[in-house]
Amino acid sequence: MSAKDCGHHDEERHKLHRRLFTAILGFIILILFIILLIFLILRPTKPHFILQDATIYSFNISSPNFLTTNLQITLASRNPNGKIGIYYDKLDVYATYRGQQITLSTLLPSTYQGHKDFTIWSPFVYGNSVPVAPYLCESLSQDQMAGTVLINVKVDGRVRWKVGTFVSGKYHLNVNCPAYVGVGGQVIGNSMAVGSAMKYQLVQNCHVDV
């Protein structure tokens, strides 16, 4: 076989490889396009969150400007999608007062939520001797005198959508649950004593951003 024939065979082999590579790439792009099209047609709806209750074990101000908070919450999530599942990869829950975080973040366990499914978490969130701004101490003192305080239970995390075998990238999840609770053992609304703590039935819809 001459050098010319060898060069011809090499060129044919390269053309075959290019065609094969182009066909595989085109097939992958087609599959991804179909998955994306299905994903857009189904249009996933963000999950619904409800703050069901909060049990206050402590909510105390100490000098000069420190706040100690200890509470347990019951947080429910519902997937409203009929054909899309949700992966909750990382969820941190914490409490704030007038925009300032007053507890440490508690990590919720990762979970998968099927179609139209419910998930319930009951974490403890707490913060010991958290320094707060002086003007917040004044507001807290006024709230304590009134016997009620507005806190916000917040969730910060990542979610992924599952359509069939396709799983999307991670999306940022922000949840904000405002809740009026009593302080100093104050009885408000549908509340009950649990030992030395007070449990407040809230059933409060939360604002969700994804």
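Reply: We begin with burial, and a residue counts as buried when its relative accessible area is under 20%, as exposed when over 50%, and as partly exposed in between. Tyr-88, at 1% relative accessibility, is therefore buried. Please keep in mind that this is a predicted model.

Me: How many aromatic pairs does a search of the whole structure find?

Reply: The search gives 5 aromatic pairs. Among them is the pair of Phe-49 and Tyr-88, which is edge-to-face, with 6.3 Å centre to centre and 90° between the planes. Phe-49 belongs to strand S1 (residues 48–62) and Tyr-88 to strand S3 (residues 85–97), so this pair ties together parts that are 39 residues apart in sequence. Phe-49 has a relative accessible area of 2%, and is buried.

Me: Are the rings of Tyr-57 and Phe-124 stacked, edge-to-face or tilted, and why?

Reply: The angle between the planes decides: under 30 degrees is stacked, over 60 is edge-to-face, and the rest are tilted. For Tyr-57 and Phe-124 the planes stand at 40° and the centres are 5.9 Å apart, so the pair is tilted. Tyr-57 is in strand S1 and Phe-124 in strand S8 (residues 124–131), so the pair ties together parts that are 67 residues apart in sequence. Tyr-57 is partly exposed at 36% relative accessible area, and Phe-124 is partly exposed at 41%.

Me: Which residues do ring pairs link into a cluster?

Reply: The cluster consists of Phe-49, Tyr-88 and Trp-121. A ring can also have a charged side chain over its face, and here Arg-160 lies over the face of Tyr-87, 4.7 Å from the ring centre.

Me: How should I read the nonpolar core, and which residues have the most contacts inside the largest one?

Reply: In soluble globular proteins, nonpolar side chains tend to be buried together. The largest nonpolar core here has 41 residues, and those with the most contacts inside it are Phe-49, Leu-51, Phe-59, Leu-75, Val-149, Leu-173 and Val-175. Elements that give two or more residues to this core include strand S2 (66–78), helix H2 (134–146), strand S9 (148–163) and strand S11 (171–182). S9 provides the largest share of the core, 7 residues.

Me: Where does nonpolar surface form a patch, and which residues make it?

Reply: A nonpolar surface patch of about 870 Å² is made by Leu-20, Ile-24, Phe-27, Ile-28, Leu-30, Ile-31, Leu-32, Phe-33 and Ile-34. Of these, Phe-33 is placed in helix H1 (residues 3–42).

Me: What is the phi of Lys-116, and where is this residue?

Reply: Lys-116 has a positive phi, near 60°, and sits in the loop between strand S6 (111–113) and strand S7 (118–121). Lys-116 is partly exposed, with a relative accessible area of 46%. Ser-129 likewise is not a glycine and has a positive phi of about 50°, but its place is in strand S8. Ser-129 is partly exposed at 40% relative accessible area.

Me: How far apart are Ile-188 and Ile-84, in sequence and in space?

Reply: They are 104 residues apart in sequence and 39 Å apart in space, C-alpha to C-alpha. Ile-188 is in the loop between S11 and strand S12 (191–194), and is partly exposed, with a relative accessible area of 22%.

Methods: Residues are numbered from 1 along each chain as its sequence is written. This is a predicted model: local features need pLDDT of at least 70, side-chain atom pairs count only at pLDDT 80 or more; totals for chains, interfaces and linings use all residues. Side-chain values use heavy atoms; hydrogens and water are left out. Rings of Phe, Tyr and Trp (its six-membered ring) pair if their centres lie within 6.5 Å; planes under 30 degrees apart count as stacked, over 60 as edge-to-face and the rest as tilted. Helices (H or I, at least four residues) and strands (E, at least two) are DSSP runs, numbered from the N terminus. Buried means under 20% relative accessible area, exposed over 50%, partly exposed in between (1.4 Å probe, protein chains only). A charge sits over a ring if NZ of Lys or CZ of Arg is within 6 Å of the ring centre and within 35 degrees of the ring normal. Patches are made of residues with over 30% relative accessible area and no salt bridge: like charges are joined within 9 Å, nonpolar side chains (Val, Leu, Ile, Met, Phe, Trp, Tyr) within 5 Å. Accessible areas come from the Shrake-Rupley method with a 1.4 Å probe; for residues, only the protein chains shown count as cover. A salt bridge is a side-chain nitrogen of Lys or Arg within 4 Å of a carboxyl oxygen of Asp or Glu. A nonpolar core is a set of buried Ala, Val, Leu, Ile, Met, Phe, Trp, Tyr and Cys residues joined through side-chain atoms within 4.5 Å.
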